[in-house]
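Hi there,

Here is the structure I promised to pass along. Have a look at it first, and then read on for my notes on its strands and helices.

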Amino acid sequence: MEYKITGNESLGIEFGSTRIKAVLIDEHCNPIATGSHNWENRLENGVWTYHIDDVWVGLQDAYKKLNDSVFEAFGTRITNLASIGFSAMMHGYLPFDKDGNQLCEFRTWRNTITADASKILTDAFNFNIPQRWSIAHLYNAILNDEEHVKDISYLTTLAGYVHWKLSGEKVLGIGEASGMFPIDSNAMDYNAEMLDKFSNLDKVSNYSWNIKSILPKVLVAGENAGCLTDEGAKLLDPSGALKAGALMCPPEGDASTGMTATNSIAVKTGNVSAGTSIFSMIVLEKQLSKVYEEIDMVTTPVGKPVAMVHCNNCCTDLDYWVKIFADFAKLSGSNASVPEIYDMLYNCALDADKSCGGLVSYNYFSGEPVTDLSSGRPLFARSENSNFNLPNFFRAQIYSTMATLKIGMEILEKENVKIDKLLGHGGLFKTPVVGQKLMAGAMNTPVACLETAAEGGAWGMAILARYAFDNKNMPLDEYLDSEIFSKFKSTTINPDIDDVNGFKEYMKLYKAGLVVERSATENI
């Protein structure tokens with residue numbers, strides 16, 4: 001039976017690092033249309049940022065392309081929606097004054113400029129505060145006596161900002177909120193003791209605002225986070241066709257949507273998101289024994305504690321190398337498309353020496369807190385007697401995307417954190433088998449990919465929007481199991497012992513060569 005647009009659909013939109021993606025789903029959470037807009041961050045005055053105007057241009061373009069896709073497929077355009085959800089790259093810093101004016105540039109997750117503030121807060125809270133977290137950026141601005149701090153009335157993230165402008169509600173989903181400020185999973189709110197500790201820090205008490213009053217309200221998955229306003233509908237769809245009134249679910253970060261899109265929010269489940277950045281999310285049975293600067297403690301969309309290893313760099317350098325090969329292919333007269341070239345290069349990596357034959361690559365376009373580097377320089381190195389060929393070269397590129405993640409995951413191994421399997425999603429897994437197989441060997445853990453993995457976080461956000469509209473009286477993990485993922489196929493690849501041992505050899509060289517990478521950041 002041919003599908004008809006009814007106005008009962010749900011929409012998820014995610015602001016990723018390189019792409020804004022919109023996914024429309026039916027009442028059974030099946031994706032029925034998509035639209036996207038490419039964008040890039042900018043390094044301006046030493047700060048990685050996106051201009052706020054680019055947010056709205058990109059949002060409207062992604063939505064228009066989605067709407068055009070709907071019209072092409074179903075002969076009608078979207079006028080009503082049951083529910084909407086917005087997600088975005090995690091955390092960062094977006095402060096506003098009492099009149100809603102933006103007070104400084106949007107400081108993204110990619111910045112590594114808050115090291116001193118991060119360390120002070122980690123020591124004060126006895127809780128790891130990563131550099132990209134909003135509270136680290138705020139305290140860094142305080143330590144630097146930045147003029148705008150005195151005027152802050154509201155501090156939020158990109159997801160929270162878009163939600164606020166479309167609904168009027170200053171709220172945030174608990175998963176994203178856990179990267180603004182530490183969460184108490186029992187209270188399902190910001191940690192009250194740490195809020196008080198922050199208020200009593202040097203220089204903080206000089207300001208008229210209180211940290212409790214400038215943060216978004218915390219909501220968990222399924223809660224009502226407002227409705228699309230008339231102004232919000234026009235911001236999303238300037239044509240005026242979209243009507244106000246759609247339920248809006250709590251806005252989330254891409255970590256939470258990744259957990260949702262891979263059905264990995266239950267204890268002992270985990271996922272790896274591999275795109276511009278790479279991170280793993282492991283839902284814990286119990287808290288870790290101590291504080292680790294390499295491990296971020298966040299939550300699922302329903303507030304369960306999660307150990308997160310977040311690395312700033314993943315596929316960017318690999319993508320540049322693919323572009324070099326694509327340029328050569330074009331020069332040679334080949335008609336191979338870029339996706340075909342990706343597949344060829346990925347698959348040739350399966351023919352490589354398991355340890356890459358003495359080749360090593362560092363994909364650091366920006367700083368990497370896990371390896372204590374405040375800036376990065378992409379770097380490829382080999383010894384004079386290495387086995388330098390294309391399969392080894394490209395396997396080294398793929399290994400470089402997951403090497404820093406492995407360093408963080410080794411801490412969880414020592415903590416005896418149990419993982420049944422990892423769910424992989426993101427660009428690294430787009431070519432079938434290859435990324436999945438190499439990740440399984442690198443992490444020495446089964447890696448599964450769902451047939452829906454290509455839809456990614458925007459689909460996960462659409463699911464959370466649907467869950468807020470009609471949760472079937474189920475907790476989120478049960479809803480995902482019974483209502484959604486029971487009907488989707490997945491493939492699981494177990495670690496191959498030769499891949500496991502080969503990656504171990506690669507990691508010996510990788511760790512030894514970090515001193516070269518550090519020297520490169522200091523001298524190039």
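**The seven-stranded sheet**

Seven strands make up an open sheet with mixed pairing, and their order is β17-β18-β16-β15-β21-β22-β23. Its edge strands are β17 (296–299) and β23 (490–493), each of which pairs on one side only. From one strand to the next, the twist averages 25 degrees. Please keep in mind that this is a predicted model.

Helix α12 (residues 390–414) lies across β15, β16 and β18, and runs at about 25 degrees to β16.

**A separate look at β19 and β20**

Strand β19 (residues 359–362) pairs with β20 (residues 379–382) in the antiparallel sense, over four bridges. In this pair, L359 stands opposite R382 in β20.

Are the side chains of β19 buried or exposed on its two faces? In a regular strand, side chains alternate between the two faces of the sheet. In β19, L359 and S361 are on one side, with V360 and Y362 on the other. All four are buried, so both faces of the strand are covered.

Key: Residues numbered from 1 in each chain as written. Predicted model: local features only at pLDDT ≥ 70, side-chain atom pairs only at ≥ 80, totals over all residues. Heavy atoms only, no water. Buried < 20%, exposed > 50% of the residue type's maximum accessible area, 1.4 Å probe, protein only. Pairing = 2+ DSSP bridges. Axes fitted to C-alpha atoms, helices over the stretch in contact; angles between N-to-C directions. Contact = heavy atoms within 4.5 Å.
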